[in-house]
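Please read these remarks next to the sequence and the coordinates.

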Amino acid sequence: MSEPINLVVFISGNGSNLQAIIDAIECGQLNARIQAVISDEADAYGLARAELHDITGVVVDHRNYNNRNEFDQALLQNVNQFNPDYIVLAGFMRMLDPDFVEAYQNRIFNIHPSILPNYKGLNTHRRVLENREKEHGVSIHLVTAALDDGPILLQGRYPVEQDDKVEDLQYKGHELEHRMYPALLQWISQGDMVILDNGIVFQNRPINQPVSFK
Ligand code: GRF
């Protein structure tokens, strides 16, 4: 088997996507190594998940820095010591500034709970329900300095039922996310998806059609 890809995962909270990635690695479905989990919140539950699996946890608390630039510099210094192949944003609630994005250009992924470019930003489930959408979903994209922007690598969709509440969409979305992130990372690990330095993506998988990630 080829070398595993090295990942640093950024979180701010629960870390269920982190858990899905850990589980996929541990059961041999994903050929990757998580070098560290970095959180901007000291009490993020995802840090406990990391500790349980002997993964280094690092806290970079934005409250300890005077401005966004200083915070991003601190983040960058912390990531650089691991020199990862990719940075995986998994519920990381802060935007990265252009210097940070440039340092890891086309090597930062984000997962967002909507069918981008629709519903960027927060509270996607609530807005989808307000607009009586029939369909909702999840996107994984390359990170640029703009919010929830950047080339879309993979999308998953699910139907919105008439009596669905925010919690129902959260549940359906998470279920999809937990299959999508490990699947995408494995495609990258085994060369089914190749991202060039200039951001051009080659892939032999459809990005926006219903896919079974099992
Ligand atoms: C996910 O719904 C993801 O789409 C969004 O933040 C949430 C993180 O959930 N970016 P978790 O912390 O992985 O449970």
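The numbered points below begin with the basis of the values and then go through the contacts.

1. This is a predicted model, in which local features need pLDDT of at least 70 and side-chain atom pairs count only at pLDDT 80 or more, while totals for chains, interfaces and linings use all residues. Residues are numbered from 1 along each chain as its sequence is written, and side-chain values use heavy atoms, with hydrogens and water left out.

2. Six salt bridges are found in a search of the whole structure (a side-chain nitrogen of Lys or Arg within 4 Å of a carboxyl oxygen of Asp or Glu). One of them pairs R63 with E41, with 3.0 Å between the closest N and O atoms. R63 sits in the loop between β3 (56-59) and α3 (68-80) and E41 in the loop between β2 (32-39) and α2 (45-52), so the contact ties together parts that are 22 residues apart in sequence. Helices (H or I, at least four residues) and strands (E, at least two) are DSSP runs, numbered from the N terminus. E41, D61 and R63 are linked in a salt-bridge network.

3. R63 has a relative accessible area of 52% and is therefore exposed (buried is under 20%, exposed over 50%, partly exposed in between, with a 1.4 Å probe and protein chains only).

4. K120 and D149 form another salt bridge, the closest N and O atoms being 3.0 Å apart. This pair links distant parts of the chain, 29 residues apart: K120 is in the loop between β5 (108-112) and α5 (124-130), D149 in the loop between β6 (135-142) and β7 (152-159). K120 is partly exposed at 31%, and D149 is partly exposed at 30%.

5. Within helix α5, R126 and E130 are four residues apart, which means about one helical turn separates them. Their side chains meet in a salt bridge (3.0 Å, N to O). R126 is partly exposed at 40%, whereas E130 is exposed at 52%.

6. How do the axes of α1 and α6 cross? The axes of α1 (residues 16-26) and α6 (residues 166-189) come within 9 Å and cross at roughly 45° (lines fitted to C-alpha atoms over the stretch in contact, with angles from 0 to 180 degrees between N-to-C directions). That makes α1 oblique to α6 (under 35 degrees is roughly parallel, over 145 roughly antiparallel, 65 to 115 roughly perpendicular, the rest oblique).

7. V194, L196, I200 and F202 form a nonpolar surface patch with about 320 Å² of accessible area together (Shrake-Rupley method, 1.4 Å probe, only the protein chains shown counting as cover for residues). Patch residues have over 30% relative accessible area and no salt bridge; like charges are joined within 9 Å, nonpolar side chains (Val, Leu, Ile, Met, Phe, Trp, Tyr) within 5 Å. V194, in strand β8 (residues 193-195), is partly exposed at 36%.
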